[in-house]
Amino acid sequence: MSSTKAQPAAAGDYSHEAAFVAALRQGDADAYEQLLEQFEEKIYKLAFRFTRNTADAEEVVQNVFLQIFRKIGEFQGNSALSSWIYRVTANAALMLLRKNKNSKVTDSLEDALPEYLEDGHAATREPAWNPLPDERVLSQQVLDRIDAAAGELPPEYRIVFVLRDIEGMSNEEVAEALNLSVAAVKSRLHRARLYLRKQLAPEFEKKA
Amino acid sequence: MDKDEKMQEAAQVAKRFKNHDPTCEEIHRLLNNYVDGELDEKAQKLFDLHFNMCTPCVDFLESYRAAIKLGKCAPTPEMPEVVRHTLRGFLREHGIPLKKK
């Protein structure tokens, strides 16, 4: 069967994917090969960002493609196929992470904010940070620290951070993908960012 | 969130600061809105004014932005070949039509 690779079309118009989706629904082997070629790397990296380990990422990727196969009939074409796949991936990762309960966070995320006086001023002044080095020359120690901090985020906050700040999805897209309100997305994103800030501060604060 | 919802949220933020300038705590609690450009013009100006006068909050803002930037640098490896291979075997076992190579 000739390639039915989807080509970009006007925003909100996903008709260019219709033939590809139809082929997937029919169980066309070429279409599934194409699906793997187009998405497996992307899904793996997304799954790894969600789970922060290879074994879990592998399990998520397997579950995602299995779900695509089993549920492609439910995909209605109201969004891009990739958006649907993102949604499936995020939810597959969440289910796995909740089952494993791998989150190592013991501090309340509320503690990621400074303490405040009654008049709303911060109770203590937090040190400024040194300017960031070029990201291409971050030391292994710093990368390890970032990796650890990302892994310590509760799954619900980590997934929102990944989808918003790394994948660049909008609040509305993330809300739809995770079946959350936009307000919940914004709250979780802010808490994730605050938590990362607090965890990384010792590495980057200006020393007195 | 449609346009009406965004305007309602912006109005709520603006209403909050109707009778006072934002405190440091309020700035910190709403900082994501400022960084993501989701404040209305009036609230944006109030935040900018606060940053003009409050060096600790400027430091907080810069560290918040830096943390976002650093979070994006978390190492993400390429998909290992063995995972790619295992994936195909797994999918075939579950009846997904793939060509054998």
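**Close-up views of a predicted two-chain model**

**View 1. A polar contact links Asn33(B) and Lys186(A).** The side chains of Asn33(B) and Lys186(A) form a polar contact, with a distance of 2.9 Å. The model shown here and in the following views is predicted. Asn33(B) belongs to helix α3 of chain B, which spans residues 31-35. The relative accessible area of Asn33(B) is 7%, and the cut-off for a buried residue is under 20%, so Asn33(B) is classed as buried.

**View 2. Helices α2(A) and α3(A) pack against each other within chain A.** Helix α2 of chain A covers residues 29-51, and helix α3 of chain A covers residues 54-71. The angle between them is about 140°, and their axes lie 8 Å apart. An angle counts as roughly antiparallel only over 145 degrees and as roughly perpendicular from 65 to 115; α2(A) and α3(A) are therefore oblique to each other. Their crossing is right-handed. On the α2(A) side, the contact is made by Tyr32(A), Leu35(A), Leu36(A), Phe39(A), Glu40(A), Ile43(A), Tyr44(A), Ala47(A), Phe48(A) and Thr51(A). On the α3(A) side, the contributing residues are Thr54(A), Asp56(A), Ala57(A), Glu58(A), Val60(A), Val61(A), Val64(A), Phe65(A), Ile68(A) and Phe69(A). By residue class, this contact consists of 15 nonpolar, 2 polar and 3 charged residues.

**View 3. Helix α3(A) packs against helix α6(B) of the partner chain.** Helix α6 of chain B comprises residues 81-93. The two helices meet at an angle of about 40°, with 10 Å between their axes, and the crossing of α3(A) with α6(B) is right-handed. From α3(A), the residues in contact are Glu58(A), Val61(A), Gln62(A), Phe65(A) and Leu66(A). They meet Val83(B), Thr86(B), Leu87(B), Phe90(B) and Leu91(B) of α6(B). This contact contains 7 nonpolar, 2 polar and 1 charged residue. Glu58(A), Val61(A) and Phe65(A) take part in the contact with α2(A) and also in the contact with α6(B).

**View 4. Chain B contains 6 helices and 0 strands.** Along the sequence, its elements follow the pattern α-α-α-α-α-α. Chain B has 101 residues, of which 43% are buried. Of the contacts in chain B between residues at least 6 apart in sequence, 52% connect residues at least 24 apart. Helix α3 of chain B, which holds Asn33(B), and helix α6 of chain B, which packs against α3(A), are among these helices.

Definitions and conventions
Residues numbered from 1 in each chain as written. Chains lettered and ligands numbered in written order. Predicted model: local features only at pLDDT ≥ 70, side-chain atom pairs only at ≥ 80, totals over all residues. Heavy atoms only, no water. Axes fitted to C-alpha atoms, helices over the stretch in contact; angles between N-to-C directions. Helix = DSSP H or I, 4+ residues; strand = E, 2+ residues; numbered from the N terminus. Parallel < 35°, antiparallel > 145°, perpendicular 65-115°, else oblique. Left-handed = near helix turned anticlockwise from the far one by under 90°. Contact = heavy atoms within 4.5 Å. Nonpolar A, V, L, I, M, F, W, Y, C, P; charged D, E, K, R; others polar. Buried < 20%, exposed > 50% of the residue type's maximum accessible area, 1.4 Å probe, protein only. Polar contact = N/O pair within 3.5 Å; in protein donor to acceptor, adjacent residues only side chain to side chain.
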